[in-house]
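Here are my notes for your first read-through. Have the viewer open and click along as you go.

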Amino acid sequence: MSIEIEPSSAAVALPAEQPWERRAVIDLSAIRHNVRRIADLAAPAQVMAVVKADAYGHGALPVAKAALEAGATWLGTAHATEALALRAAGLTAPLLAWLHTTDTPFAEAIAANIDLGVSGWDLDHIAAAARTAAQPARIHLKIDTGLGRNGCTPDGWPDLLAAAAAYQEEGVLRVVGVFSHLAVADEPERPETDEQLTAFRTAVALAEEAGFGLEVRHTANTPAILSRPDTHFDMVRLGLGMYGLSPFADQTSADLGLRPAMRLVARVANAKRVPAGQGISYGLTYRTAGPTTVALVPLGYADGIPRTAQAAPVLVAGALRRSSGRVAMDQFVVDMGADVEPADLIGAEAVLFGDGGPAAEAWAASAGTINYEMVTRISERVPRHYVEGSWGEHGE
């Protein structure tokens, strides 16, 4: 069946009966399946459903609700503003936001019972905001174990612990977690993950020696959840896997027992016969080998389709073909072959990726990118349509 859910961003959620030109169909039963799969794998560790970036383009609020229904106990966002939107929508589950600037609304986040990640400089700002909010902040200290992005360096860790302990003694915050992020967990054979785990365990031990009663220790992302049980600790952070995509180059979603949740589809906008040697799209980088029929798909880089995608697979009217020529802002062309009648294509479905069509990984490969980016970059111009089970045909 199909359901209507208010979107969590400016992306429009389509009712089932409304005509459509292009849409990203999100199967919420797939989200639930994937969360249950990971919860079983990670138990007894808790599962944090990572819904940053509008749930990787799938819709933060619908996905968050589905994930919690399926057994996730925490939600995670990059920005506090993303977390505040979930609170405003009525979600009360534990929620962590970890990427801040000097203009992050710390006081508002604290008042909304949002846990905050702390890497160093932000500790003083959060303490000041907690005084303003007249409520202790709940913080998770982040240790940089080797990724080289956010987080406190091991050299600075003792000073951060001391400063946090002083603020905790004052009563303006509570240290409830320690976390880190892994750099190469999608390449399980690499030794750097072992090195990061050693550094993480050391950081946790120092935090516990400093007197912090930690509720959660967490460092595992999707690839680590699937390949390194020793990274699970008290909680795992489920991102890519919740959306049914594989983080590994040599394993598919099906290999991992996951179901891709997004299906990207459009109606063919035009079709016509063209002669041999016809150039296609800007730069005329593609020319037809003989007389043929071409179909125009109304999705382009304004919709999040990479301009760099070359010869990407598309399922048009049930026939698997490849994109022809450059992707434009609003559209791209598919050479359908000489035996196809243009009139049979107008209004037909063109499936870029998802159930019954190519995999998101195939489009990512054609564009020289990764599956994470393919789903996350689908823009707000593409309406989201939420269904339960096999794109609305049957339940889970």
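**Notes on the model**

1. Let's start in a loop. R149 sits in the loop between β6 (137–142) and α7 (157–170). Keep in mind as you look around that this is a predicted model. Is R149 buried or exposed? R149 counts as exposed because its relative accessibility is 59%, and the cut-off for exposed is over 50%. Setting aside residues up to four places away in sequence, R149 touches D144 and H181.

2. Why pick R149? The UniProt record, an unreviewed entry, puts the feature "binding site" at R149 and M329. These two are spread over 181 residues of sequence, and they are spread in space too, up to 32.9 Å between C-alpha atoms. From this set, R149 is part of the lining of the largest cavity.

3. Now jump to M329, which is in the loop between β16 (319–324) and β17. M329 has a relative accessible area of 43%, so it is partly exposed. Which residues does M329 touch, not counting those up to four places away in sequence? They are G300, Y301, A302, D303 and R381.

4. Next, the annotated domain. UniProt lists residues 261–387 as "domain: Alanine racemase C-terminal", again in an unreviewed entry. The span is 11% helix and 36% strand, and its end C-alpha atoms lie 10 Å apart.

5. Inside that numbering, have a look at R267, which belongs to strand β10 (residues 262–267). R267 is partly exposed because its relative accessible area is 30%. Its contacts, leaving aside neighbours within four places in sequence, are W20, E21, L296, P298, G347, A348 and E349.

6. Which way do β19 and its partner β1 (residues 22–27) run? They run parallel, joined by 4 bridges.

7. On to the nonpolar cores. The largest has 121 residues, and M242, L352 and W363 are the ones that touch the most other members. Helix α1 (residues 28–42) contributes the most to this core, with 7 residues. A second, separate core has 6 residues, including V25, L315, V351 and V387.

8. Zoom in on M242 if you have time. Leaving out residues up to four places away in sequence, M242 touches I31, N34, V35, A49, V50, V51, V63 and A67.

9. Last stop: the second largest pocket. How much space lies in it? About 250 Å³. Its lining is made of 16 residues, and K272, I280, L296, Q331 and V333 lie nearest its centre. Four strands are the elements that give two or more residues to this lining: β11 (270–274), β12 (279–280), β14 (292–297) and β17 (332–337). Of these, β11 gives the most, with 4 residues.

Conventions: Residues are numbered from 1 along each chain as its sequence is written. This is a predicted model: local features need pLDDT of at least 70, side-chain atom pairs count only at pLDDT 80 or more; totals for chains, interfaces and linings use all residues. Side-chain values use heavy atoms; hydrogens and water are left out. UniProt positions are given in the numbering used here, feature names are shortened, and annotations may be inferred rather than shown by experiment. Two strands pair if DSSP finds at least two bridges between them. A nonpolar core is a set of buried Ala, Val, Leu, Ile, Met, Phe, Trp, Tyr and Cys residues joined through side-chain atoms within 4.5 Å. Buried means under 20% relative accessible area, exposed over 50%, partly exposed in between (1.4 Å probe, protein chains only). Contact means heavy atoms within 4.5 Å. On a 1 Å grid over the protein atoms alone, a cavity is a set of points where a 1.4 Å probe fits but cannot get out, and a pocket is an open set with protein on both sides within 12 Å along at least five of seven lines; lining residues have an atom within 4 Å of a point. Grid points are joined across faces, edges and corners, and a volume is the space filled by probe spheres set on the points.
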